[in-house]
Amino acid sequence: MVANLFIARSRYWLTKEYPIKLRHCVNALPRGTVWARPNESSNSIGNLLVHLTGNVTEWILGGVGGQSIERHRASEFAQREGADAGTLLDNLEAVLHEADSVLAGLTAQDLERSIVIQERDTTILGAIYHVVEHFAMHTGQIVLLTKIHAPGKIRFYEDADGLARPTWHQGTALDEAAH
């Protein structure tokens with residue numbers, strides 16, 4: 001029961017809430033800001049989107065799913081230009097769709113299986129937990145960078161009566177399912 005809930009919630013975060021929030025960010029960005037870095041020691045939104053694609057590919061498709069993966073992590077951060085934000089997010093969402101298929105096929109027993117990713121001993125559960133946590137952190141960075149580049153253009157919650165009511169899903173399939 002708990003294992004199934006863990007897998008279901010992980011699939012939700014990776015295929016629904018985080019990508020929807022990222023899409024709002026990408027749509028709000030002024031032209032030419034996707035590869036802008038706040039300073040030399042920081043990453044751009046473009047770097048973060050490429051990095052998330054690489055991370056999910058390596059950890060879920062490769063580590064959990066057993067696919068043969070070749071990743072050049074350092075190049076994800078070295079890029080100074082590349083595809084537009086919409087294309088980068090489309091690429092990420094395609095990888096997330098593949099990852100969702102991998103996660104959908106897991107059982108409670110699979111979560112306990114030992115694997116090695118990036119020369120680290122972990123389990124399937126540990127790998128999924130890492131990816132969801134990692135994705136959340138970088139989503140937060142992208143949200144912050146978007147708020148810097150496009151002040152007032154994104155807002156994910158309506159605060160009323162002491163409650164934070166989600167607005168991020170409005171205009172999406174999740175919003176339509178709620179009605």
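Mentor: Let's start with the length of helix 4, residues 85–104: its 20 residues should span 28 Å at 1.5 Å a residue, and the end C-alpha atoms are 28 Å apart, so the two agree. Keep in mind that this is a predicted model.

At the N-terminal end, helix 4 is capped by aspartate 84, which has a side-chain oxygen 3.0 Å from the backbone nitrogen of glycine 86. Now look at what is tucked away. The buried residues of helix 4 are Ala85, Gly86, Leu88, Leu89, Leu92, Val95, Leu96, Ala99, Asp100, Val102 and Leu103. What do these buried residues pack against? They pack against helix 1, helix 2 and helix 6.

In soluble globular proteins, nonpolar side chains tend to be buried together. Here the largest nonpolar core has 48 residues, and Leu49, Ile60 and Phe135 touch the most other members. Helix 4 is one of the elements giving two or more residues to this core, along with helix 1, helix 2, strand 1 and helix 6. Helix 2 gives the most, with 10 residues.

Next, the partners. Helix 1 covers residues 2–28 and reaches 37 Å from its first C-alpha to its last, close to the 39 Å expected for its 27 residues. Helix 1 also has a kink of about 40 degrees, centred on tryptophan 13.

Helix 6 (residues 124–149) holds threonine 146. Threonine 146 counts as buried because its relative accessibility is 0%. Not counting residues up to four places away in sequence, threonine 146 touches Cys25, Ala28, Leu29, Ile45, Pro151 and Ile154. Glycine 63 is another matter: threonine 146 lies 31 Å from glycine 63, C-alpha to C-alpha, and the two are 83 residues apart in sequence.

Last, there is the hairpin. Strand 1 (residues 114–117) and strand 2 (residues 120–123) run antiparallel and are joined by 4 bridges. Serine 114 stands opposite threonine 123 in strand 2. The hairpin has 2 residues between the strands, and glutamine 118 takes a positive phi near 50 degrees.

Methods:
Residues are numbered from 1 along each chain as its sequence is written. This is a predicted model: local features need pLDDT of at least 70, side-chain atom pairs count only at pLDDT 80 or more; totals for chains, interfaces and linings use all residues. Side-chain values use heavy atoms; hydrogens and water are left out. The expected span of a helix is 1.5 Å times one less than its number of residues. The bend at a residue is the angle between axes fitted to the seven residues ending there and the seven starting there. Two strands pair if DSSP finds at least two bridges between them. Buried means under 20% relative accessible area, exposed over 50%, partly exposed in between (1.4 Å probe, protein chains only). Contact means heavy atoms within 4.5 Å. A polar contact is a pair of N or O atoms within 3.5 Å; within protein, one must be able to donate a hydrogen and the other to accept it, and residues adjacent in sequence count only if both atoms are side-chain atoms. A nonpolar core is a set of buried Ala, Val, Leu, Ile, Met, Phe, Trp, Tyr and Cys residues joined through side-chain atoms within 4.5 Å.
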